[in-house]
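Please look at the model below.

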Amino acid sequence: MTEALLDVQDLKKYFPIRRGVLQRVVGQVRAVDGITFSVMPGETLGVVGESGCGKSTMARTILRLLEPTSGKVEFEGKNVVGLSKNEMRAMRREMQIVFQDPYASLNPRYTIGKTLLEPMEIHHLHTASARKQRVADLLDRVGLDPDYTNRFAHEFSGGQRQRIGIARALTVNPKLLILDEPVAALDVSVQSQVLNLLKDLQDDLDLTYIFVAHDLSVVRYISDRVLVLYLGHMAELADADEVFADPLHPYTRALLSAVPVTDPDQKRERIILKGDLPSPANPPAGCPFHTRCPAAMEICSKQVPAWQEAKPGHLVACHLYQ
Ligand SMILES: Nc1ncnc2c1ncn2[C@@H]1O[C@H](COP(=O)(O)OP(=O)(O)OP(=O)(O)O)[C@@H](O)[C@H]1O
């Protein structure tokens, strides 16, 4: 059996809440509260959930841009939690992140050439002339003119900047790309161009993706499997087609009901969730979703639902299926 490229086990990230002159810790924000999944080589795992459910925190914690509170993150069988700074730097070559806002993540004082050269210099990859050649090749590969190397980020459109962000992540030849809302800031027509580019790159370079988004139609297009998060917890995980054909968790159903459908026969009734996402500093007891769940039962406010396989390969945390 093929080994997972990435194996995340019971990952937690709590942020301390500090108050007063002494900055005493008076509580914690449970942004990621026990997440377990694995990603196979070449696979795209979509991660969805509304704003504030912990997607970005999870992405950054996997890469140790944020220190995990607890849990395991194994990349090719090696736990990255606990690696020294040097070991982690070497590991970062294998796992790169692309952010939502390429403008914020590109240094405005750097030319595009310098932006793409820098990661290779940090990792001491290739000779100087080979680096330059790689920059030109990568710009061409992401659909930009290699003559653009002397231009600055502000001279490009949003879609072009995101192509630069993707090229920069690829300079060090990673195996895994974590894409954190990579097309959320782009117009719809540009979104599909960037998504197609990501698909082509994945095929050509044998890449594995974790694709974080709040837009389910985008996730459906690109993902093999989909993980639905709610308030730092896993709600549902299954093949993308299965999640869309037979969503089991009431939260997934609500998210899906908001996705526009092109076929009027398939029209879903819109499920409007009551209230806002509760604060992860003070999460509800029992099922984290029970305060907004249209199907909530008495047990839901008392007992945390187990994470279980309701159908083959289709996992869900909901008392409806226990
Ligand atoms: N540094 C921090 N300190 C305290 N709380 C934080 C910090 N970073 C994130 N949080 C909180 O953790 C929770 C999860 O945030 P996160 O940004 O991971 O969610 P998200 O699903 O990615 O949302 P969005 O799509 O808006 O980015 C939120 O309640 C957020 O306020």
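Both faces of β3 are covered. T44, G46 and V48 are buried on one side, and L45 and V47 are buried on the other. A residue counts as buried if 20 or more other C-beta atoms lie within 10 Å of its own, as exposed if 12 or fewer do, and as partly exposed in between; C-beta atoms are placed from the backbone. In a regular strand the side chains alternate between the two faces of the sheet. Five of the five residues of β3 (residues 44-48) are buried, so the strand is largely enclosed by the rest of the structure. Helices (H or I, at least four residues) and strands (E, at least two) are DSSP runs, numbered from the N terminus.

This is a predicted model: local features need pLDDT of at least 70, side-chain atom pairs count only at pLDDT 80 or more, and totals for chains, interfaces and linings use all residues. Residues are numbered from 1 along each chain as its sequence is written.

**Strand pairing**

Two strands pair if DSSP finds at least two bridges between them.

| Pair | Sense | Bridges | Bridge partners |
|---|---|---|---|
| β3 and β9 (residues 225-230) | parallel | four | V47 with L227 |
| β4 (residues 70-75) and β5 | antiparallel | two | F75 with K78 |

An open sheet of four strands has the order β2-β1-β4-β5, with antiparallel pairing. β2 and β5 (78-79) stand at its edges, each with a single partner strand, so one side of each is left without a neighbour in the sheet.

**Ligand shell**

How many residues surround the ligand? The shell holds 13, and the closest are F15, A31, S51, S56 and T57. A residue is near a molecule or strand if its C-beta atom, placed from the backbone, lies within 6 Å of it. β2 (24-39) and α1 (55-62) each supply at least two shell residues. The largest share, three residues, comes from α1. By class, the shell has five nonpolar, seven polar and one charged residues. Here Ala, Val, Leu, Ile, Met, Phe, Trp, Tyr, Cys and Pro count as nonpolar, Asp, Glu, Lys and Arg as charged, and the others, Gly among them, as polar.

In α10 (residues 250-257), P250, Y251, T252 and L255 are buried. The buried residues of α10 pack against β3, α8 (216-222), β9, β10 (233-239) and α9 (240-245). R292 sits in the loop between α10 and β11 (307-311). R292 is buried, with 20 other C-beta atoms within 10 Å. Leaving aside neighbours within four places in sequence, R292 is in contact with L273, K274 and G275. Contact requires C-beta atoms, placed from the backbone, within 7 Å. R292 and K274 are 18 residues apart along the chain, and their C-alpha atoms are separated by 5.3 Å.

**Whole protein**

The protein has 10 helices and 12 strands. The radius of gyration is 21 Å, close to the 20 Å that the globule rule gives for 322 residues, so the protein is as compact as a globular protein of that length. That radius is taken over C-alpha atoms; the rule is 2.2 Å times the number of residues to the power 0.38. Of the 322 residues, 38% count as buried. UniProt places the feature "domain: ABC transporter" (unreviewed entry) at residues 6-256. UniProt positions are given in the numbering used here, feature names are shortened, and annotations may be inferred rather than shown by experiment. Residues 6-256 are 38% helix and 28% strand.

Key. Contact = placed C-beta atoms within 7 Å.
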